[in-house]
Amino acid sequence: MTFRITGLSPEPFRSLFGLSEAELAARGVRRYLVDEKPGFPDRIEMREANPGETVLLLNHVCQPADTPYRASHAIFVREGATERYDAVGQIPEVMRSRLLSLRAYANDGMMLDADVAEGAGIEPLIERLFANAEVSYIHVHNAKRGCYSGRIDRA
């Protein structure tokens, strides 16, 4: 089974980069200076931010479907990130090192299945979820904090 993992597009976040603390606060966003690694997973480039970089913590609608599964949660984006992660058949290290929740959705946004796995071995779970022909895509979340991690599609 070939799969494709993508991070978030930087476009919706660019207008936040460089805003003052007050301007960010008015939008419900907080800036953090990264002081440890791991701990600040960027959802655009799908990598851990490095100490000294800044990240923005904000609420992101990760499941916009007009269903009971519509969802949003906090995510980090690295301030200034420009390159969206997009890779076929590869699991980014930021996922490999965490306990993950995979949620399989139909094209209409209804959840069909879900399971939890250590990121070091999620390929069998991806294959099992995509074995159901009705599964259109999979969302990955960090299982402990619930933060959206990325999207998996058939490649």
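Predicted model: local features only at pLDDT ≥ 70, side-chain atom pairs only at ≥ 80, totals over all residues.
Start with the rings. A pair of aromatic rings is described by the distance of the centres and the angle of the planes. Searching the whole structure gives four aromatic pairs. In one of them, the ring centres of Tyr105 and Tyr137 are 5.3 Å apart and the planes meet at 15 degrees. Planes under 30 degrees apart count as stacked, so this pair is stacked. Both partners are covered: Tyr105 is buried, and Tyr137 is buried too.

Now place the two residues. Tyr105 belongs to strand β8 (residues 99-105), while Tyr137 belongs to strand β10 (residues 137-142). The pair therefore ties together parts that are 32 residues apart in sequence. Elsewhere, ring pairs join Tyr32, Phe40 and Phe76 into a cluster.

Tyr137 has another neighbour. Arg151 lies over the face of its ring, 4.1 Å from the ring centre.

Next, follow strand β10 to strand β11. These two strands run antiparallel and are joined by five bridges. Ile138 stands opposite Ile152 of β11. The hairpin of β10 and β11 has five residues between the strands. In this hairpin, Gly146 adopts a positive phi near 85 degrees.

Strand β11 (residues 148-154) is mostly covered, with five of its seven residues buried. Strand β11 also pairs with strand β1 (residues 3-6). Four bridges join β1 and β11, and the two run antiparallel. Arg4 has Asp153 as its bridge partner in β11.

Key
Residues numbered from 1 in each chain as written. Heavy atoms only, no water. Phe/Tyr/Trp six-rings, centres within 6.5 Å; stacked < 30°, edge-to-face > 60°. Buried < 20%, exposed > 50% of the residue type's maximum accessible area, 1.4 Å probe, protein only. Lys NZ or Arg CZ within 6 Å of the ring centre and 35° of its normal. Pairing = 2+ DSSP bridges.
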